[in-house]
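Let's take a friendly walk through this structure, starting where the chains meet and ending at the ligand.

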Amino acid sequence: MAKSNKPIVWGLFAAGGTVSAFVLPALIFVTGLAVPLGIFGDDALSHERIYPFVSHWFVSLVLFGVIVLSIWHAAHRIRITLHDFGMRGDGMIGTVAYFAAGMFTLGTFFALSGM
Amino acid sequence: MSLRQIELEVLRYDPEQDDEPRFQKYSVPCQEEWVVLDALNYVKDNLDGSLSYRWSCHMAVCGSCGMMIDGEPTLSCKAFLRDYGSKIRVEPLANFPIERDLVVVLDDFMSKLKRVKPYLIPKQHKPIADGEYRQTPRQLKLYKQYTLCINCTLCYAACPQFALIPDFIGPAALALAHRYNLDSRDGGRAERQEEVASHEGIWECSFVGACSEVCPKSVDPAGAIQQMKIASTVDWYLERLMPWRNK
Ligand code: SF4
């Protein structure tokens with residue numbers, strides 16, 4: 001029996017699951033709660049302060065990893081969840097989900113590399 | 001010892017005579033400390049000798065008395081009446097064809113089990129004169145949990161993926177493949193990967209985890225499958241990035 005090529009998407013899914021479990025909650029807390037509530041001061045995320053930091057190649061790379069892996073995780077998760085809910089047409093759903101993830105990946109790449 | 005009257009609602013089906021399964025009710029005088037299997041034995045001995053079901057050890061070792069009890073895949077020898085109401089519904093294990101009454105056809109499971117080669121394939125053969133294969137407690141610990149499987153197939157009855165895709169090799173067979181892969185004396189992983197890493201193998205699993213929840217032996221087949229997914233993903237990349245490694 002032929003070995004499956006699922007490892008491509010599953011590898012991204014697993015890595016993305018780990019990243020989104022560990023990093024996203026912290027990011028959500030910082031950018032979604034702490035900063036708006038002024039815990040880190042008024043201009044913690046101001047453009048002047050944050051731009052030089054984010055545009056450093058290493059930080060960009062890390063951000064790219066976090067965003068893209070989380071997106072691939074989400075794409076595969078949506079595919080599986082729809083399947084678990086009994087939706088048929090797994091191939092079609094997979095194609096749409098991964099295409100969207102691919103587009104997001106490109107978008108993230110251009111957004112970050114354009115900085 | 002107190003008596004308790006229990007109403008058993010048992011699925012009956014004889015494919016040779018009946019068009020479709022039906023439920024039959026039995027009112028059974030039960031001892032408080034009985035399990036569902038005791039109640040079935042009472043029915044068989046005193047009320048209706050035609051009822052068919054499998055059982056043997058009555059102590060969660062043989063793995064033959066699995067059935068759906070109030071809709072949950074359960075060993076009937078482990079299902080204490082005190083944990084149930086006064087009406088209990090008993091059906092054959094879900095996702096399997098019915099042989100008769102509570103007996104299901106296991107041929108499909110048996111052939112899947114064979115396909116994953118659940119036996120030691122020694123790394124190198126050594127003559128008996130050279131003595132036994134030695135193993136440290138740590139090496140044993142690595143796979144011991146997966147040796148506890150009693151092939152009761154409760155995990156197949158619980159698995160929604162197996163219900164949707166009957167070709168899925170399924171939890172117990174895959175967990176057993178993992179058991180031998182992890183054994184320090186074994187060298188058969190590459191052979192097993194042909195089945196394990198196929199579409200019908202680990203990749204049909206969507207990690208619902210129901211198998212591990214119902215497993216009476218805490219084998220955790222879902223965990224075994226996830227570990228194999230990681231190992232197979234590493235394989236996949238290595239095979240492509242370092243093709244010279246492939247023999
Ligand atoms: S893994 Fe657990 S539930 Fe599945 S057959 Fe083995 S003992 Fe039964």
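## The interface in outline

Chain A and chain B bury about 1,600 Å² between them, and 60% of that area lies on carbon and sulfur atoms. Please keep in mind that this is a predicted model. The size of an interface is often given as the accessible area lost when the parts come together.

How many residues take part on each side? On chain A, 14 residues are in contact with 23 residues of chain B.

The rule finds 1 salt bridge across the interface of chain A and chain B. The partners are A:Lys3 and B:Glu239, whose closest N and O atoms are 3.4 Å apart. That distance falls within the 4 Å cut-off, so the pair counts as a salt bridge. Across the interface of chain A and chain B there are also 6 residue pairs in polar contact, with both residues at pLDDT 80 or more.

Which elements of chain A give two or more residues to the side that touches chain B? They are helix 1 (7-22) and helix 4 (57-84). Helix 1 of chain A provides the largest share, 4 residues. By class, the side of chain A that touches chain B has 6 nonpolar, 4 polar and 4 charged residues.

## Around the ligand

Now for the ligand. The residues surrounding the ligand include B:Cys149, B:Cys152, B:Cys155 and B:Cys215. Also among them are B:Ile150, B:Leu154, B:Ala172 and B:Val219, along with B:Pro216 and B:Pro221. B:Asn151 and B:Thr153 belong to the surroundings of the ligand too.

By class, the shell around the ligand has 10 nonpolar residues, 2 polar ones and no charged ones.

Technical notes
Residues are numbered from 1 along each chain as its sequence is written. Chains are lettered from A and ligands numbered from 1 in the order in which they are written. This is a predicted model: local features need pLDDT of at least 70, side-chain atom pairs count only at pLDDT 80 or more; totals for chains, interfaces and linings use all residues. Side-chain values use heavy atoms; hydrogens and water are left out. Contact means heavy atoms within 4.5 Å. Buried area is the accessible area (1.4 Å probe) that two parts lose on being put together, summed over both. A salt bridge is a side-chain nitrogen of Lys or Arg within 4 Å of a carboxyl oxygen of Asp or Glu. A polar contact is a pair of N or O atoms within 3.5 Å; within protein, one must be able to donate a hydrogen and the other to accept it, and residues adjacent in sequence count only if both atoms are side-chain atoms. Ala, Val, Leu, Ile, Met, Phe, Trp, Tyr, Cys and Pro count as nonpolar, Asp, Glu, Lys and Arg as charged, and the others, Gly among them, as polar. A residue is near a molecule or strand if one of its heavy atoms lies within 4 Å of it.
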